[in-house]
Amino acid sequence: MTRKFTKDHEWVEQDGDGSTIGITAHAAEQLGDVVFVELPEIGAVFSQGDDMAVVESVKAASDVYAPIDGEVVAVNNDIVDEPAKVNDDADGAAWFVKLKPTDASQIDALMDEAAYKEFTQE
Amino acid sequence: MTDTLKRTPLYDLHVALGGKMVPFAGYEMPVQYAQGVLKEHQHTRTKAGLFDVSHMGQCFLNSKTVEHGSDGAHEMIAAALEKLVPGEIQKLKPGRMRYSLLLSEKGGVLDDFMITRPPMANADGRLFLVVNAARKDHDYAYLQAQLGDEVELQILEGFGLLALQGPMAAQVLADHAPEVATMAFMSARPIKLAGIDVFVSRCGYTGEDGFEISCHGKDAEAIAKLLLDHEDVEPIGLGARDSLRLEAGLCLYGHDMDESTSPVEANLKFALGKRRREEGGFLGAERIMKEYHDNPSRLRVGIAPSGRAPAREGVEIQTVEGTVIGKITSGGFGPTHNGPVAMGYVDFEHSHTGTDVNLIVRGKPQAAKIVDMPIVPQNYYRG
């Protein structure tokens, strides 16, 4: 299961016919203490680059963008109830949304882990 | 950024403590340390936090016409400053301080600041001012221009200013200077900390009990380290300073007040001294007193969003019917309130406590209520 990354600090992981999406630990650290998360409705349809969710820290509000085209098939309400989970486990339990991709090849075109690492060190 | 950022005398210490440095009011300042804003906020509310506020402007106004320490020296300098502020300065007792507002001719607020009458008899004729970092160049020029030749402006360049804030602050400072334990709120005096001469005020901008310690720049790091040695003291950055003052209902100049805002609109009627209201004689008195008696057209109010979404500066405030009635000027998450908190200006007729309003966050109306400030009760020392 390979994980791919965007320049907006989202990660995407294909599993079965859904793609799990979250923000990276690097992004969570930059945001600081997360205090609010807003997630889309199940069934909502997004194009790559659309505002899909909102994450707010004590410092600022940030948009989470759809890394690929797709339809929302699940959302993680745990992080709505307990936004601090995003700081604790951004790469794992604090995923945001599962999308059913329209075009799975969009995922292939995203950065791999090494490229993302290099990107964040620029 | 064209100008080089300035550094306070504690810059090296901030870096050594893991402070995340950001530009603020022309200075490189720590927005947070390793703990993060939430924990720093909570630490200040429950124990004691140490803040570097050396970027703020410290200056004296000195009478040039009446010899310091002689009869009438305080009255002279106080009367001179009273032309520019609406507070009672002449009757300020030795060793007492007051929050006040620097006024424009139109009755707008040019800055908010602290004015202290030193306790030492030989310092009568001098007033100690602490002004906002972003406003100090403006204030110094304005004070000098308005006060003229009879007043000397003495700027304390390169001085340190540390704020120790929180319920444990008095105990921590009293370990080094027992006399601070019973200092009245809004009083000031010189003390020694580990042999170093400092000037300490019992005040702050977090809503908690606490002190501000003015010292020579060369002594700032030694004093900071002395206080940080205490197990209940942690360094606190600008992020938590902002959430603390927001919960405490305190204005941030340039956001919650600017040159267009009058003291009455800013809901700071308490800063208008009784004698001053009756006598006038300060810049903008006509506008300010009209608003005082007839109510202003808009008013700064506390706002509590009903949901979890923070409403930040610039968010539009509407009636539940959808009419625009104002704007949020400061807002975010209040860690002690454990929810979003905000303040802003609304048309006077919609400013009553308990009024239901909508905040337009990302294009969607979010329910909120006008509430009394402070949203988190202040915890000042009352003896």
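Predicted model: local features only at pLDDT ≥ 70, side-chain atom pairs only at ≥ 80, totals over all residues.
**Entry 1: two helices in chain B**

I started with α2(B) and α7(B), and I noted that they are oblique to each other. The angle behind that word is about 55°, and I found the two axes 8 Å apart. For my own bookkeeping, α2 covers residues 37–46 of chain B, and α7 covers residues 238–247 of chain B. I then looked up the hand of the crossing of α2(B) and α7(B), and it is right-handed.

Which residues make the contact? From α2(B) I wrote down V37(B), E40(B), H41(B), T44(B) and R45(B). From α7(B) I have G239(B), A240(B), S243(B), L244(B) and E247(B). Sorting this contact of α2(B) with α7(B) by class, I get three nonpolar, four polar and three charged residues.

**Entry 2: the largest pocket**

Next I turned to open space, and α7 came up again. The largest pocket holds about 1100 Å³ of space, and I found 43 residues lining it. Which of them lie nearest its centre? My list reads F24(B), L238(B), D242(B), R245(B) and L252(B).

I also asked which element gives the most to the lining of the largest pocket. That is α7(B), with seven residues. The elements of chain B that each supply at least two residues to this lining are β1 (20–24), β6 (109–116), α7 and β16 (324–334). By class, I noted 22 nonpolar, 11 polar and 10 charged residues in the lining of the largest pocket.

**Entry 3: the largest cavity**

How many cavities of 30 Å³ or more does a search of the whole structure find? The search finds three. I took the largest cavity to start with, and its volume is about 60 Å³.

Its lining includes L10(B), L13(B), H14(B) and L17(B), along with Y33(B), L50(B), F51(B) and D52(B). I also wrote down L162(B), A224(B), L228(B) and P235(B) as lining the largest cavity. In chain B, α1 (11–16), β3 (48–52) and α6 (217–228) are the elements that give two or more residues to this lining. Of the elements, β3(B) gives the most to the lining of the largest cavity, with three residues. The class tally for the largest cavity is 10 nonpolar, one polar and one charged residues.

**Entry 4: the second largest cavity**

The second largest cavity has a volume of about 50 Å³. I found it lined by M97(B), M114(B), T116(B), F128(B), V130(B), L161(B), S201(B), C203(B), E212(B) and S214(B). Here the elements of chain B that give two or more residues are β6, β7 (126–131) and β12 (210–215). By class, the lining of the second largest cavity has six nonpolar, three polar and one charged residues.

**Entry 5: two backbone spots**

I finished with the backbone. Is the peptide bond from M373(B) to P374(B) cis or trans? I noted it as cis, with omega near -5°. P374(B) sits in the segment after β19 (364–371) of chain B.

My other backbone note is on M186(B), where phi is near 65°. That is a positive value in a residue other than glycine. Where does M186(B) lie? I placed M186(B) in the loop between α5 (169–174) and β10 (188–193) of chain B.

Terms used
Residues numbered from 1 in each chain as written. Chains lettered and ligands numbered in written order. Heavy atoms only, no water. Axes fitted to C-alpha atoms, helices over the stretch in contact; angles between N-to-C directions. Helix = DSSP H or I, 4+ residues; strand = E, 2+ residues; numbered from the N terminus. Parallel < 35°, antiparallel > 145°, perpendicular 65-115°, else oblique. Left-handed = near helix turned anticlockwise from the far one by under 90°. Contact = heavy atoms within 4.5 Å. Nonpolar A, V, L, I, M, F, W, Y, C, P; charged D, E, K, R; others polar. 1 Å grid on protein atoms, 1.4 Å probe; cavity = no way out; pocket = protein on both sides within 12 Å on 5 of 7 lines; lining within 4 Å. Points joined across faces, edges and corners; volume = space filled by probe spheres on them.
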